[in-house]
2 protein chains.
Amino acid sequence: MQIYYNPDPAKWGALALRPVINPGLLAKTVNKILGDVQNEGDKAIIRYNREFSGVELDDFAVSQAEIDLAVDRIDPKLKAAIESAVKNIDAFHRAQIRQENKIQTAAGVYCWRKPVAIENVGFYVPGGSAPLFSTLLMLAVPAKIAGCKQIIICSPPNANGNVAASILYCARLLGIDKIYKIGGAQAIGAMAYGTATVPAVYKIFGPGNQYVTVAKQMVNITGTAIDMPAGPSEVAIIADKSASPIFIAADLIAQAEHGPDSQTLLLTDHEPFLEQVPAEIEKQIKDLPRAAFVQKSLHHSKAIHFDNLEAAVDFSNYYAPEHLIVMTRSSDDIISKIINAGSVFIGDWSPEAAGDYASGTNHTLPTGGFARNYSGVSLDSFYKYITFQELTRQGIKNIGPLIETMANAEQLAGHARSVMTRLEILDGEDR
Amino acid sequence: MQIYYNPDPAKWGALALRPVINPGLLAKTVNKILGDVQNEGDKAIIRYNREFSGVELDDFAVSQAEIDLAVDRIDPKLKAAIESAVKNIDAFHRAQIRQENKIQTAAGVYCWRKPVAIENVGFYVPGGSAPLFSTLLMLAVPAKIAGCKQIIICSPPNANGNVAASILYCARLLGIDKIYKIGGAQAIGAMAYGTATVPAVYKIFGPGNQYVTVAKQMVNITGTAIDMPAGPSEVAIIADKSASPIFIAADLIAQAEHGPDSQTLLLTDHEPFLEQVPAEIEKQIKDLPRAAFVQKSLHHSKAIHFDNLEAAVDFSNYYAPEHLIVMTRSSDDIISKIINAGSVFIGDWSPEAAGDYASGTNHTLPTGGFARNYSGVSLDSFYKYITFQELTRQGIKNIGPLIETMANAEQLAGHARSVMTRLEILDGEDR
């Protein structure tokens, strides 16, 4: 870990830096892939599957037989765990269903909003070395609650040309049967533009590597909505002396194992932790699978001492972490001051892993400082809200003159007239 | 108007086409402007103000004296209209404040969400030929309800180097005093990157010309959130024989006066309208200011006859209009079938102009088919939602084993251990 003491706020910028994805460097490659998929459709998909995943798949749609096989293969213990997690994720997202009433903003002017599910959505589920089936749960459960009509999945095939059984099991559990073995930018292109095999969608969700991220940005510009900008995963831990260095170390290690560019921060007013936590990490990491890998990622981890917790919270808000763990004696005051964070974990018994899998909150969260201006995925990510209004005769009589005045002041005479025409007819009725 | 009879659904694509903004054509210019603003700050702003707005302004921040003067100059009748409109807009957006409870997803697992205002937001308010102060109302009212800490406005200066008095009046009314005389892509750059004079913001709202639109897309990629993609304004009207051709014509004209690329559609099952409405338009347009201009826009307006209203609704959903006016005998059935639209106006007495100014609904809406995957601006546009979770000892005991199973299945041993470590310590406590 890199250790810092009471850094001057003028130097916070350097401490809050994230690895920057430079779309320029990848843009050319991604642009080529997207263009090929748009122009050649399935043919391009087959070619890129060969090139990037090393598999020859004439048919890259997952068959029902493949899903059946996967369902049979999954350990019943894992099945039970997934089902319990789904129950919790469902409960948390179902509580987000909102009831909004029709309101009367002025006499006779009735206005309301209605959430309507986005009809077609597509999920990118990373496979590769580890099949991230939990990502699928986090996307599919709220999409199902919202009522999206068509949900499709793209996930990269492994060397045998298969999508991981755990991903297929989750898809079956959640009633999704359109699954395509496609990875990378070509998957994003397929979902954005559609091919003979893959239906086009209106919104693409899910994390991926830098190619996937850049591809999502590019299709976003041409009209496909995306869940949020993405970057390497992050955790910040705010801890006072009441915290356990064992738990701090365990949570930093968990974050670090996501990849060499994972961001891990310890923010504390308790100086001894700056020695205790690195020592504890060394201890815990010893017999961890992939220890070398995790160690590499922890190399650029930062432990920062602040004179007081207020400064630690200020820094956290400045940094805007994806995940924030708060292990302090009295957390209420700190919690109330958090204004920029994706998801917050409170106390000794709330490890980040709880939110990653099973507590019910969504783990698709804003990284790279985007917690300042973006929310994580929620039920609302699968809706658009349509506004409605209905004015009675009295309603247009009441606000018509206002509209006329304002429209004329904006030099929009046609707008004013569309109201005056109605008011004149109502005047005639009254006479 | 262009007239169509029962178009084959296979041909709907051509009828639903919008003018496409090709970012490629403008990208080079906009990229240069954004780069200059990022590198040179105020100096670039002063230069581009000279070049594009034809004004020499060393100081482009609006002074309090200028605002005072504007407030004095506004017609009391307009002031009163604006104040009434603000009251209605406030009522509609305040009703969107949501109460979400802390929920227990599993025993001892408490999860909740908290909306927190985006701290710094910037509004682009078009000036130019007509000062669109109503846009400012639609953005500032919900931003104030949400509690954004810093709100800034950029609006292009007119030939005299001023921002329209009506815009300044609305800003004062809503307590915004940071107003900058900057238009076009340079305004978007200033708000995204900040200059010595203009503070950087986290999210940019507001419509503009194609340069503004492309600039917003570009800064979005580098981390600044934007309200939504933008394009020319649109209206579709679904009308049966109960509708008034006078009102239909008036509403089409109102939409058309926005600009030559405005999109106007009449969808009807009543064939006589295909002659009556164009005739009525000719009549109403005669003494309208800017008639020639409106006529030009109406030239590519489409009136489409469908055998039945169901097909008209299907086409409307396919087209996904920004504004949809429904003038039919029984509208409930039609309303319930609308799945893609920005804002819907129901009945004879609900002209689109009502929602543009004073009914209370937001007029910042998705155009260009984006109503399929985006909502209009709402109170939520000014928040991000932070999720929180707090597990008790019992909570982690309950879901810990699920997390362990799932994390191991994803080959994330560190995640599993962060839970097991806690469970072991709790086991020790129990003994």
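Predicted model: local features only at pLDDT ≥ 70, side-chain atom pairs only at ≥ 80, totals over all residues.
Local features were considered only at pLDDT of at least 70 and side-chain atom pairs only at pLDDT 80 or more, whereas totals for chains, interfaces and linings use all residues. Residues are numbered from 1 along each chain as its sequence is written, chains are lettered from A in the order in which they are written, and side-chain values use heavy atoms, with hydrogens and water left out.

Helices and strands are DSSP runs numbered from the N terminus (helices H or I, at least four residues; strands E, at least two). Helix 11 of chain B comprises the 13 residues 273-285. An α-helix has 3.6 residues a turn, so residues three or four places apart point the same way.

Over all chains, the structure holds 28 aromatic pairs. Rings of Phe, Tyr and Trp (its six-membered ring) pair if their centres lie within 6.5 Å; planes under 30 degrees apart count as stacked, over 60 as edge-to-face and the rest as tilted. B:Trp12 and B:Phe315 form an edge-to-face pair, with 5.2 Å centre to centre and 85° between the planes. This pair links helix 1 (residues 12-15) of chain B to helix 13 (residues 309-319) of chain B, its members being 303 residues apart. B:Trp12 counts as buried at 10% relative accessibility, as does B:Phe315 at 0%.

B:Trp112 and B:Phe388 are stacked, at 5.5 Å centre to centre and 10° between the planes. B:Trp112 lies in strand 3 (residues 109-117) of chain B and B:Phe388 in strand 14 (residues 383-391) of chain B, so the pair ties together parts 276 residues apart in sequence. B:Trp112 is buried at 13% relative accessibility, and B:Phe388 at 0%.

In chain A, one aromatic cluster is formed by A:Trp12, A:Phe306, A:Phe315, A:Tyr318 and A:Tyr319. Charges also sit over rings (NZ of Lys or CZ of Arg within 6 Å of the ring centre and within 35 degrees of the ring normal). A:Arg113 lies over the face of A:Tyr385, at 4.3 Å from the ring centre, and the charged end of A:Arg422 sits over the ring of B:Phe247, 4.5 Å from its centre.

Terms used:
Expected span 1.5 Å × (residues − 1). Buried < 20%, exposed > 50% of the residue type's maximum accessible area, 1.4 Å probe, protein only.
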